[in-house]
Amino acid sequence: TFGQSLPKPRIVIVGEPTNMTVVDAHKGGYRFRTEVTGKDAHSSKPQLGVGAIRIAAELISELGRIEAREKAARLNPRFDPPYATLQMTRIEGGTATNIVPVSCRLDFDVRAIPGVDIAAIDRRIRDFAANKCLPEMRKVAPEAAIDIAVANQHNPAAEPAQFLDQRRMARAIEHADDDFVGANALGLGHGLDVFGGRFGEIDDPLGIAGADRQLVHIGSGGV
């Protein structure tokens, strides 16, 4: 671990989609995995079952309300978009068209600007599941469950005064000046907390358009 068995570096430069500009702030990224367990039944007798997909849809609606609240409560113009976002990124469920689905998996992603209380978002969705969804589900199926887990997380960072050394080095590499220092709407996926959150970012010329590709090549002229 850096700072324990290994020396703690003063500066970390991370490749992220920033169009080869210096970035000294980034959103946090949090990925949640939700498993809804209901009760199967024939679709002609839905009252005998608990449709997991329908419950997942209620959770999705609540996530939309949470995002709307965050958008109204807190903006940071350094980011694009300038607010925290919540996106449903994957959903799987169902067995057949004539069966009330017993299970559904929902993955969602939170990209938080600095100042957003992720713990509060976590509590709100768990409270909604426990107090709004589960009581009705368990009237039919006592074994019904909603399991929500954090798959991974990295915190936002945007305090430029703390990163003076990093910014100087990044600018020296890029020959940039203060006018080109920006903020990254992506949350970093490289575990920068082990470095104490001290970072600078320089990236490939493709920017976010290339972020979902498995390989991005940067020639010697891009370094």
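A: Helices (H or I, at least four residues) and strands (E, at least two) are DSSP runs, numbered from the N terminus. This is a predicted model, where local features need pLDDT of at least 70 and side-chain atom pairs count only at pLDDT 80 or more, while totals for chains, interfaces and linings use all residues. Residues are numbered from 1 along each chain as its sequence is written, and side-chain values use heavy atoms, with hydrogens and water left out.

Q: Fine. Which residues of helix 2 are buried?

A: The buried ones are I118, I121, D122, I125, F128, A129, C133, L134 and M137.

Q: And what do those buried residues pack against?

A: They pack against strand 2, helix 1, strand 4, strand 6 and strand 7 (145-154). Contact here means heavy atoms within 4.5 Å.

Q: Where does helix 2 bend?

A: At L134, by about 45°, and a proline, P135, follows within four residues. The bend at a residue is the angle between axes fitted to the seven residues ending there and the seven starting there.

Q: What about the span of helix 2?

A: Helix 2 covers residues 118-140, and at 1.5 Å a residue its 23 residues should span 33 Å; the end C-alpha atoms are 33 Å apart, which agrees. The expected span is 1.5 Å times one less than the number of residues.

Q: Which residue caps the N-terminal end of helix 2?

A: D117 does, with a side-chain oxygen 3.2 Å from the backbone nitrogen of A119. A polar contact is a pair of N or O atoms within 3.5 Å; within protein, one must be able to donate a hydrogen and the other to accept it, and residues adjacent in sequence count only if both atoms are side-chain atoms.

Q: Ok, zooming out. How many helices and strands are there in the protein chain?

A: There are 3 helices and 9 strands, in the order β-β-β-α-β-β-β-α-β-α-β-β from the N terminus on. Of the 223 residues of the protein chain, 39% count as buried. Taking contacts with a separation of 6 or more, residues 24 or more positions apart account for 79% of them.

Q: Now the core. How many residues has the largest nonpolar core?

A: It has 33 residues, and those with the most contacts inside it are V36, L59, V110, M137 and I146. The elements giving two or more residues to this core are strand 2, helix 1, strand 6, helix 2 and strand 7. Helix 2 gives the most, with 8 residues. A nonpolar core is a set of buried Ala, Val, Leu, Ile, Met, Phe, Trp, Tyr and Cys residues joined through side-chain atoms within 4.5 Å.

Q: What does M137 touch?

A: Not counting residues up to four places away in sequence, M137 touches V36, T37, V50, I55, A144, A145 and I146.

Q: Switching to charges. How many salt bridges does the count come to?

A: The count comes to 12 salt bridges, a salt bridge being a side-chain nitrogen of Lys or Arg within 4 Å of a carboxyl oxygen of Asp or Glu. One of them joins D109 and R31, with the closest N and O atoms 3.7 Å apart. That pair links distant parts of the chain, with D109 in strand 6 (residues 103-112) and R31 in strand 2 (residues 23-37), 78 residues apart.

Q: Is D109 buried or exposed?

A: D109 counts as buried, at 7% relative accessibility, while R31 is partly exposed at 34%.

Q: Which residue does E62 pair with?

A: E62 forms a salt bridge with R65, the closest N and O atoms being 2.9 Å apart. The two are 3 residues apart in helix 1 (residues 52-73), so about one helical turn separates them. E62 is buried at 6% relative accessibility, and R65 is partly exposed at 41%.

Q: And R90, which residue is its partner?

A: D107, with the closest N and O atoms 3.0 Å apart. R90 sits in strand 4 (residues 85-93) and D107 in strand 6, 17 residues apart. R33, R90, R105 and D107 are linked in a network of salt bridges.

Q: Last one: where is the cis peptide bond?

A: Between D80 and P81, with omega about 0°. P81 lies in the loop between helix 1 and strand 4.

Methods
Buried < 20%, exposed > 50% of the residue type's maximum accessible area, 1.4 Å probe, protein only.
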